Amino acid sequence: MSITNATHEQRQTLFTIKENCLLLDRNPLSVKAVDSSVSCALRCAREKRCKSANFVSGDKSCSFLDKTQTSHTHLVQCGHVGAVYLKKVNSDVGSIPQLAIPSCKSLNESFHPSGVYWVDPDGGSHDNAFKVYCEMDTDGGGWTLVWSYNFTRYQPFNSTQNAVTPRPNWPTNYARVDVPISTIPPLHEGDYNAFSFSLWKKFGQEILFKSNIMTWFICSPDVGNFVEWKDGRISCKAAKRISKVQCVNDSPPNEFKRAEHTCGPRIKGYGVLNFYFDGCKTKP
């Protein structure tokens, strides 16, 4: 085994090499025609989803793989003369419990794509490691998906029976809150679930609000703090504009209000309600 490197766009990617070996994957990300194992490494280095690659000198092919020998040892087969298996160094972090990472923030956006990773925020033994979805494409990446929700009655959206579902188990004393609670970590953005709210703070203090119909915002704590459940001023910025039409709630919010005696917390600014996480599908 040896180590090589591929330099691309002023970044250096290291690879370990196993000669005459292949990782047998029937569903590679893609297959490219290249002239050498070095060219194969260079191309894999440019592709964030490529964790390892097979180079076959006979047909000058380079197969991009989203698997590595660490997590798929049984797929590695040696004895293929002229073949080279290349694995990105550190590409398999978070791929198994024994390689759990402290949080999504420890990943490198240049090398690690959005996806599911094993994390262990407490460190030490990895016996209590668990899977999370890391979002690595927005504002430098490193975001942990803590909640993904749907609506109880999307049409019409302003129906009194419409609410977010499920909701996290954040504190509330309001008897009308009646949507289901989730404490199951969502593993993709269409997996409608939520972390236990007490764990949110383990992954950071900033919140990224994503939507398929309105501007995305990144909010940092000030006097107010969402993950610490404190009312007050927050500092927000636009991360991505979805609609070409300027909406009244496209301006960054500046205040967080808890859900102690209402159907859910509110994010608002300058008299405009940006987000209202309404947990009451039955309203007066």
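Biologist: How many cavities of 30 Å³ or more does the count come to?

Modeller: In this predicted model, the count of cavities of 30 Å³ or more comes to one. As for the space that lies in the largest cavity, the value is about 70 Å³.

Biologist: Which element gives the most residues to the lining of the largest cavity?

Modeller: The lining includes Gln205, Ile207, Phe209, Cys219, Ser220 and Pro221, and also Gly224, Asn225, Phe226, Ile234, Phe256 and Ile267. Two or more of the lining residues come from each of β14 (207–209) and β15 (216–221). With three residues, the element that gives the most is β15.

Biologist: How do the residues of this lining divide into nonpolar, polar and charged?

Modeller: Cys and Pro count as nonpolar in this division, whereas Gly is placed among the polar residues. On that basis the lining of the largest cavity divides into no charged, four polar and eight nonpolar residues.

Biologist: What share of the residues in the protein is buried?

Modeller: The protein has one helix and 19 strands, and its C-alpha atoms fill a box of roughly 75 × 45 × 35 Å along the principal axes. Of the 284 residues in the protein, the buried share is 43%.

Conventions. Residues are numbered from 1 along each chain as its sequence is written. This is a predicted model: local features need pLDDT of at least 70, side-chain atom pairs count only at pLDDT 80 or more; totals for chains, interfaces and linings use all residues. Side-chain values use heavy atoms; hydrogens and water are left out. On a 1 Å grid over the protein atoms alone, a cavity is a set of points where a 1.4 Å probe fits but cannot get out, and a pocket is an open set with protein on both sides within 12 Å along at least five of seven lines; lining residues have an atom within 4 Å of a point. Grid points are joined across faces, edges and corners, and a volume is the space filled by probe spheres set on the points. Helices (H or I, at least four residues) and strands (E, at least two) are DSSP runs, numbered from the N terminus. Buried means under 20% relative accessible area, exposed over 50%, partly exposed in between (1.4 Å probe, protein chains only).
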